[in-house]
Amino acid sequence: MLVVAGSDSSGGAGMQADIRTLGALGIHCACALTAVTAQDTRHVAGILPVPATLLDSQIELAIGDFTILATKIGMLATEDNVIRVAQRVQAGDLPNVVVDPVLASSSGKSLIDQDGIRAYREQLLPAALLVTPNIPEAELLTGMAIGNEADMARAGTLLVEMGATVAMVKGGHVGGSTSMDVVACGASDDLRIAIDALAQDSRPAAPDGTSPSLDVTGQSPEGVISQSSTSFHITTTAQGNRSEIVLTAPRVRTKNTRGTGCTLSSAIAAYMARGDTVVDAIVKAKYFVTAAIAGASQWTLGKGNGPIDQLGWNEQS
Ligand code: PXL
């Protein structure tokens, strides 16, 4: 797999989290680095973007050498880098593209300039298979305020209208006892088939033509680190030419959440590299990241938001 992302010197987020995630899932990580950052678990002290020509050269060598099965795109740092990577995606050089639009650090510092956000909107999103913004990022990309689940679904639909095939709006920033994400999908037959399979939907369509919504309390999918105390709800709905999946997992009370978004998007791409559909990969990755957060919840690494446990160390100890 190819990961295009920035370095987090604290080791919790960015490329460092991506490499651990792919390692845990048995996938080799070719690394195209977009920026060197100086950070600890509380602050961003400095960012040195990699020039777009050197970034592109890393991508060129990776695709020339390996058979890339999926691509995760994280922090890009500059408008030039967004444009260069978008050109690679548009040219068909990068398969199964998951874009985690890293616009700000968890400490709130901007990780991209204003023109970079426009380039995401106009060039990168339309070429992405999946985009995975958190709520602040979805607000910046769509221009709408998001206050509840219906807004998350509306923002997801807008992102799909902007050209992403699938949009996952992550609700991790909303408080409450659960962590809820809304996945909006377009109308392609492949997606519809995958969603139907997910819901194991053998029930007849409702009289108004909509599919019945189904709550599935999840069993951990095979191959995923599992926590016996966690339970998941997956609700799928299909209406007209749009479908929606709502994923709900128990919220783990911990300040160790650094790299959660990086881990989720990498895990989704990794499951696709292993052959899953984007819909199945999203569900499995949600289990993976929830288990990684639970596994590190008692860790005391760093004075701020510490890393999560992509490697399942707690389970093995
Ligand atoms: O979590 C987003 C993120 C992505 N990439 C890098 C980061 C961060 C957050 O701090 O530092 C390099």
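The residues forming the shell around the ligand comprise 4 nonpolar, 5 polar and 2 charged members, where Ala, Val, Leu, Ile, Met, Phe, Trp, Tyr, Cys and Pro are classed as nonpolar, Asp, Glu, Lys and Arg as charged, and the others, Gly among them, as polar. The structure is a predicted model in which local features require pLDDT of at least 70 and side-chain atom pairs count only at pLDDT 80 or more, whereas totals for chains, interfaces and linings use all residues. Residues are numbered from 1 along each chain as its sequence is written, and side-chain values use heavy atoms, with hydrogens and water left out.

The ligand is surrounded by G6, S7, D8, A13, G14, Q39, M75, V102, S105, R258 and C262, a residue being near a molecule if one of its heavy atoms lies within 4 Å of it. Strand 1 (residues 2-8) supplies the largest share of this shell, 3 residues; strands (E, at least two residues) are DSSP runs numbered from the N terminus. A polar side-chain atom of Q39 is placed 2.5 Å from an oxygen atom of the ligand, and for R258 the corresponding distance to a ligand oxygen atom is 3.5 Å.

Within the shell, D8 belongs to strand 1. D8 counts as buried because its relative accessibility is 2%, the term denoting under 20% relative accessible area (1.4 Å probe, protein chains only). The side chains of D8 and R258 are joined by a polar contact of 2.9 Å, defined as a pair of N or O atoms within 3.5 Å; within protein, one atom must be able to donate a hydrogen and the other to accept it, and residues adjacent in sequence count only if both atoms are side-chain atoms. The D8 side chain also reaches the backbone nitrogen of S10 at 2.9 Å. Neighbours within four places in sequence aside, D8 is in contact (heavy atoms within 4.5 Å) with A13, G14, Q16, T37, Q39 and R258.

Elsewhere, strand 8 (residues 178-185) is largely enclosed by the rest of the structure, because 7 of its 8 residues are buried. Strand 8 pairs with strand 7 (residues 166-170) in the antiparallel sense over 5 bridges, pairing requiring at least two DSSP bridges between the strands; V166 stands opposite C185 of strand 8. Antiparallel pairing also links strand 8 to strand 11 (residues 242-250) over 8 bridges, with P250 in strand 11 as the bridge partner of T178.

Terms used. Helix = DSSP H or I, 4+ residues; strand = E, 2+ residues; numbered from the N terminus. Buried < 20%, exposed > 50% of the residue type's maximum accessible area, 1.4 Å probe, protein only.
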